[in-house]
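This report describes one chain, its partner and the places where they touch. The sequence and structure come before the details.

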Amino acid sequence: MQAPESRDDDWSELLTLVGAQRDRAAFERLFHHFAPLIKGFHHSRNAQAFSAEAADELVQEVMFRVWRKAPSFDARKASASTWIYTVMRNCRIDMLRRNSRRQHEDGGVDVEDLWDEAPDNQPLLFLQQKRNEQDIAAGLRALPAEQSHVLEKAYMEGKSHSEISAELGLPLGTVKSRVRLALKKLQAILGR
Amino acid sequence: MIRHHPENNLLLEYAAGSLPWALSLVVAAHVQLCPQCRSQYQTMNRVGGSLLQDVEPQPLPADALQRLMGRIASAEQGAEQEAITAKAAATKNADPLFARLPRVIRKLVDGNEPLKWKRVSPALRMSRLHTGQERYEVAFHRIHSGGKVAEHDHRGREITLVLYGSFSDKDGVYGEGDFLVREPGEIHRPIATQDQECLCFSVVEAPVTITGPLGWLINPFLSFRPG
């Protein structure tokens, strides 16, 4: 049986190995697991934010950064999939921004200055952290389709609330309240 | 204590990476100051991580891993270690108002030309910042102790983060770390607290207009320059 959330511990251990020992075999296992997911996040039946080719390029860049940045991964702060998500999101912002920014007038601020890959949190026990991750995954699967659909559009297609409202032909207020309801449910699970 | 936070919708757009750069900048600065929003942001990152974990995997080109390992090998040979250009924190500003900036704003100040203050009105000065985008005007505003800013409305959305001191308007009092959104059409008249100057970081979508009598004559807010 598939139980992806509990396997996330194993991925975190592998990622820690990659960071501490530059272990290539561990990295290749991570690649085989995460690279097809990174591609699917941007290009699949549900997500068409990128063409297949662009998604392949993004995978190369994200996994390259995962290798380079692995030493800064801290399993106490985030699971492997959450950390890889943040690296991937930042990489996507970087790629999209590269086309539009005025390089010499950007004040020298980089994507990583705006989106911390490992924000410092109140000290969290590892156990607590792991439970949170599992609960969020289960909570997401339990959301009504109309709520999870809006979350997927926001995260996977990188759409703003107003873009989602235009695309789905829904009032902006409806999109906003679906997002808020979804978050409220996820937070209620965490607060138990 | 921080009492005014970005709403969850805005925070989620930030965490999902769909918020325009200038708005992300001001949300990031607030998140760096606010433990509560930092923890929200972390939860939203976990939502991203869970979505990633549950997505339908897609096959990669046969040579994908080989290509990547080739790149990694050559990067390591060429010692492509980022020359960590530890920019000597060129803090050109000994002003106490700038002593406790959030990291991202500090970096933005250090990466910009020295601040040039322009007098907008007797109580208000502003200094624009370059951020490499063209949709929003990004600037510092400082209000004198007890200074009253002319009443103005907002043709476009304005987001303000208080960085030092405090000010009030008809809706409340805003202190360090507070995050406020003014929607188009809202009219307000900020007044700085008596005992100290107030420094704000603001991101404006479109020009604001003075609404009082003679506003058209003395409209100092008219010059809108994104960047």
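Helices here are DSSP runs of H or I with at least four residues, and strands are runs of E with at least two, numbered from the N terminus. In this predicted model, chain B has six helices and twelve strands.

Chain B consists of 227 residues, and 43% of them are buried.

## Two domains

Two domains are assigned in chain B: domain 1 covers 8-53 and domain 2 covers 112-218. Where they touch, domain 1 of chain B contributes ten residues and domain 2 of chain B contributes eleven. On the domain 1 side of this contact, nine residues are nonpolar, one is polar and none is charged.

## The side of chain B that touches chain A

Contact between the chains involves 53 residues of chain B and 63 residues of chain A. On chain B, the elements that each give two or more residues are α1, α2 (21-33), α3 (35-54), α4 (64-77) and α5 (103-111). The most comes from α3(B), with 16 residues. By class, the side of chain B that touches chain A has 23 nonpolar, 21 polar and nine charged residues.

## One helix pair between the chains

Helix α9 of chain A (residues 172-190) packs on helix α1 of chain B (residues 8-16) at an angle of about 85°, and their axes are 9 Å apart. Angles from 65 to 115 degrees count as roughly perpendicular, so α9(A) is roughly perpendicular to α1(B).

From α9(A), the contact uses A:Lys176, A:Val179, A:Arg180 and A:Leu183, while α1(B) supplies B:Asn8, B:Asn9 and B:Leu12. Three of the residues in this contact of α9(A) with α1(B) are nonpolar, two are polar and two are charged.

## B:Arg189

B:Arg189 lies in the loop between β9 (187-188) and β10 (191-192) of chain B. Is this residue, B:Arg189, buried or partly exposed? A residue is buried if 20 or more other C-beta atoms lie within 10 Å of its own, and exposed if 12 or fewer do. B:Arg189 has 14 other C-beta atoms within 10 Å, and is therefore partly exposed.

Beyond its neighbours within four places in sequence, B:Arg189 is in contact with B:Lys148, B:Val149, B:Glu151 and B:Asp169. B:Glu151 is 38 residues away from B:Arg189 along the chain, yet their C-alpha atoms are separated by 4.4 Å.

Note on methods: Residues numbered from 1 in each chain as written. Chains lettered and ligands numbered in written order. Predicted model: local features only at pLDDT ≥ 70, side-chain atom pairs only at ≥ 80, totals over all residues. Axes fitted to C-alpha atoms, helices over the stretch in contact; angles between N-to-C directions. Parallel < 35°, antiparallel > 145°, perpendicular 65-115°, else oblique. Contact = placed C-beta atoms within 7 Å. Nonpolar A, V, L, I, M, F, W, Y, C, P; charged D, E, K, R; others polar. Domains from an automatic or database assignment.
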